[in-house]
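Here is a friendly briefing on how one protein chain is packed inside. Have a look at the structure below, then read on for its cores and one of its sheets.

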Amino acid sequence: MKKRIVVVGNGMVGHKFIDNLVNHADAANYQVITFSEEPRLAYDRVQLSKYFSGSTAEDLMLTSEDYYNEKSVEFILKDKVVDLDLENKEVITASGRREGYDKLILATGSFPFVPPIPGNNGEHCLVYRTIEDLEAITASSAVSKVGVVVGGGLLGLEAAAALKAAGLETHVVEFAPRLMAVQLDEGGGKLLRRKIEAIGVKVHTQKATTEIVAGTEARYRMNFADGSHLETDMILFSAGIRPQDELARKCGIQVGDRGGIVVDNNCVTSVPDVYSIGESALWNNRIYGLVAPGYHMAKVAVSHITGGNEQFTGADMSTKLKLLGVDVASVGDAHGNTPGSLSYTYSNDVEEVYKRIIVSADNTKLLGAVLVGDVEAYGTLQQMCVNGMDLPEDPNGLILPSVDGASHGMGVDALPETAQICSCMDVSKGAICCAVQNGANTMGEIKAITKASTSCGGCTALVKQIMDAELVKLGVEVSNHICEHFPHSRKELADIVRIKKIKTFDELLDGHGKGLGCDICKPAVGSILASFWNEYVLDKKHIGLQDTNDIFLGNMQKDGTYSIVPRVAGGEITPEKLIVLGQVAKDYKLYTKITGGQRIDLFGAQLHQLPAIWKVLVEAGFETGQAYGKSLRTVKSCVGSTWCRYGVLDSVGMAIRLEERYKGIRAPHKIKFGVSGCTRECAEAQGKDFGVIATESGWNLYVCGNGGMRPRHADLFATGLDDETLIKYIDRVMMFYIRTGDRLQRTSVWLENMEGGLPYLKKVIIDDKLGLAAELEQQLQENIDQFQCEWKTTVENPELQKRFKHFINSDDRDDNLAYVLEREQIRPAFKDERANKIDLVELVD
Amino acid sequence: MSEKTWVNICNESDLFADTGVCAKVKGQQVAIFKSRRLGEVFAISNYDPIGEANVLSRGILGSIGEAIVVASPLYKEHYNLRTGECLEKPEYSVTVYPVKVENGVVQVQA
């Protein structure tokens with residue numbers, strides 16, 4: 001006979017319990033049934049704020065009805081358990097349903113605490129806890145201008161971020177004298193406040209709200225105890241959580257003085273066979289409001305039920321997160337409450353960094369830490385603290401910035417095997433090492449096998465370090481091979497191609513590789529061949545190498561159509577050309593947008609329309625902008641000395657000259673330039689791979705910057721250059737990068753990984769230390785001489801255009817395309833719009 | 001359901017070796033690939049079930065281990081050209097169509 005396990009509450013922890021149980025070796029002995037008050041199964045509450053940045057409720061789901069069905073887990077949604085019959089071992093729901101149990105799990109979680117302020121129940125007074133709450137906040141934001149969050153803790157600041165993202169004037173009102181009072185000390189709280197205010201969120205500390213009344217300028221007016229007030233259209237309460245213990249309370253299960261269901265080390269309550277886990281449980285007079293301890297309790301309860309001996313003996317409350325874009329971390333005893341504890345503090349107001357570590361009275365162990373603005377040391381500090389490791393001789397090094405580039409952190413080797421690396425999924429260093437020993441050698445495999453770093457992701461860097469260290473220990477060279485088909489790095493392949501004068505992929509594969517090649521090596525080799533020989537990329541022998549965008553000389557969009565981006569060198573364009581672009585867009589009903597790179601982008605062109613559109617553009621004097629290639633994308637410029645009151649040199653002229661020179665050159669990654677006519681830097685040149693800024697004494701050249709996911713300011717490479725020297729240096733750096741860069745490696749990463757760094761690069765380029773300068777210049781010149789407009793070549797050759805039909809055997813177009821109008825232009829229809837076939841735009845065939 | 005028959009698509013010389021083309025076969029979109037090295041022709045559905053667009057014919061042909069694959073041009077998942085299975089997400093797969101070249105003419109069974 002199977003034992004019946006009833007789980008009340010299907011939040012993160014309730015689900016974790018179920019998941020652990022149904023995947024347990026003895027799973028067959030149990031039948032699980034779970035109740036949820038909410039209309040959906042468990043979702044990731046930790047990532048709730050992502051709902052505002054585009055994630056859907058579906059994206060946040062931790063499980064699915066299919067999964068529960070597959071595992072034979074019964075689930076009842078939207079039916080709250082309202083009573084227990086402890087004598088007969090039954091639960092009773094609001095709808096009157098009764099279910100018997102052998103073991104009962106109360107995973108009822110917590111509810112947001114709303115301070116008892118008169119007027120706290122208005123229509124636009126909300127809380128931040130469930131997806132339904134978020135929907136209410138979204139709806140309220142839409143009709144509000146000003147929003148106030150009551151509570152400056154973790155969740156409060158998350159909520160503030162959501163209001164800010166919704167475009168509201170945002171305030172945070174906190175009763176305590178500082179933000180995140182639980183986790184941060186005074187110094188940390190102060191810096192956090194400054195950073196958050198700099199983002200435009202107004203912070204009010206030491207404010208006790210006495211009443212909420214009707215406002216005069218906004219919907220509400222909050223009156224504070226000190227006589228001041230604040231007007232707002234909506235109020236979000238985030239003043240902490242309270243354990244949801246009413247069921248236990250009602251049925252005589254022991255609860256704490258300030259709430260919470262009392263449990264022992266096995267997570268068993270005062271009533272046998274009744275357990276409580278997660279935020280509803282009170283262990284050792286403590287409530288744990290984080291998910292990791294809840295997950296641990298889930299594991300302990302499963303262990304106890306199945307006859308194991310795992311115990312819950314407290315949990316580490318360290319946290320690291322990004323709040324409103326500010327990095328914040330807190331480890332262990334962050335307030336230095338331990339008697340006799342000492343502390344070290346590093347505070348840098350200029351760079352806005354605050355770090356403090358708390359150590360034991362004898363200066364040998366780390367007790368806690370607070371980090372704001374720079375949390376790189378978090379992993380190390382948290383591990384030292386949790387594992388009681390000895391402090392290094394000079395603990396200062398743990399928080400001081402490194403002056404020589406050397407890391408003061410300890411190596412992962414110092415961690416014991418038992419060290420818990422991923423606290424969300426409870427994965428130890430030993431488990432990661434074990435996975436590596438069993439053959440896992442990529443982060444993907446480590447994640448799949450151990451589940452480490454699959455929840456909040458805070459431990460990713462540490463997990464990678466452990467994996468790499470273990471690989472090295474096993475004697476595995478951390479491979480730089482481009483893929484399984486070539487036992488070489490991109491640089492080695494580039495050398496082989498250049499030195500052996502290889503002209504095709506097949507030649508290279510025959511001599512140096514195996515298999516058929518793949519979508520990693522083919523485009524990389526295609527790029528190398530183009531970098532050195534610059535033949536027409538759609539030539540029959542190269543066509544199979546081209547990535548998505550290169551193969552049809554456009555940027556593929558999500559529905560399989562393409563965007564068209566003609567070159568507009570330096571952003572300078574004649575009215576005639578503007579009219580042509582407008583006319584083409586109108587004729588083909590394309591969506592039109594000015595890009596961030598001073599281009600005009602036309603979206604929604606179907607495959608078969610591309611040659612006809614480009615024929616018109618080529619005839620009007622346009623060239624391909626190579627917006628699809630790993631090649632020069634744009635040279636952004638300001639208006640320069642020709643028109644600008646402050647311009648020192650002709651930035652437009654230089655931008656056009658550079659763009660004409662480097663257009664079409666294939667590189668390991670896309671390349672962008674910027675040219676500013678004076679140090680006001682209107683072209684944002686320092687955010688580009690090559691930045692050029694005019695000064696009174698000539699051009700300053702900056703190299704290896706970028707925007708993108710991990711922005712980096714370019715480094716100043718040389719100053720006061722004349723036109724010719726500027727171009728000479730750029731030629732050399734560019735070809736050196738093309739030869740030695742890794743596949744899809746940006747110039748920024750290339751420089752960061754270069755042994756000797758910027759000084760070495762200067763020696764190679766300016767002092768010609770390697771004697772390569774002339775060769776680099778010549779190689780680049782040859783490449784430049786081979787330039788062709790790929791679209792011109794294509795539209796002049798009917799044979800080449802055959803490939804641009806959607807069907808090889810029919811003139812029909814793709815019938816899957818559907819567009820609707822938004823702000824007077826087309827956009828791809830969403831799924832539901834497609835299904836309902838409402839107001840679709842008729843396409844130009 | 002109508003009976004399956006061999007449908008003439010195009011001449012073999014119309015295919016571009018090592019890249020794909022899309023054909024309309026009894027109303028369905030079929031991606032056809034020819035590998036120069038293997039001397040073999042493959043046909044699968046053109047619809048990428050993950051990216052939800054008709055684009056597989058525009059992916060890069062290659063091999064992963066023993067499997068002959070095409071990488072979707074949208075999000076780069078690999079589909080086995082012989083079995084239709086998605087290597088990264090086995091819960092997704094695409095239809096594989098029988099294909100042959102007879103007297104220089106490419107034929108697909110649908």
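In this predicted model, the largest nonpolar core is made up of 62 residues. Helix α20 of chain A, spanning residues 723-740, gives the most to this core, with ten residues. As a general background, nonpolar side chains in soluble globular proteins tend to be buried together.

**The cores**

- Within the largest core, the residues with the most contacts are A:Y662, A:F673, A:F717, A:I730 and A:M734.
- Setting aside neighbours within four places in sequence, A:F673 touches several residues, among them A:Y662, A:I730 and A:M734.
- The contacts of A:F673 also include A:L632, A:V635, A:L658 and A:F690, along with A:T634, A:K636 and A:K688.
- There is also a second, separate core of 36 residues, and A:I196, A:L324, A:V326 and A:V328 are among its members.

**The sheet**

- Five strands of chain A make an open sheet, with parallel pairing and the order β9-β16-β10-β11-β12.
- At its edges lie β9 (125-127) and β12 (202-204) of chain A, each of which pairs on one side only.
- From one strand to the next, the twist averages 25°.
- Strand β11 of chain A (residues 169-173) runs parallel to β12(A), and three bridges join the two.
- If you want to find this pairing on screen, look for A:V172, whose bridge partner in β12(A) is A:V203.

**A helix on the sheet**

- Helix α4 of chain A (residues 131-142) packs on the sheet, where it touches β9 and β16 (234-237) of chain A.
- The direction of helix α4 makes about 145° with that of β9(A).

Key:
Residues numbered from 1 in each chain as written. Chains lettered and ligands numbered in written order. Predicted model: local features only at pLDDT ≥ 70, side-chain atom pairs only at ≥ 80, totals over all residues. Heavy atoms only, no water. Core = buried A, V, L, I, M, F, W, Y, C linked by side-chain atoms within 4.5 Å. Buried < 20%, exposed > 50% of the residue type's maximum accessible area, 1.4 Å probe, protein only. Helix = DSSP H or I, 4+ residues; strand = E, 2+ residues; numbered from the N terminus. Contact = heavy atoms within 4.5 Å. Pairing = 2+ DSSP bridges. Axes fitted to C-alpha atoms, helices over the stretch in contact; angles between N-to-C directions.
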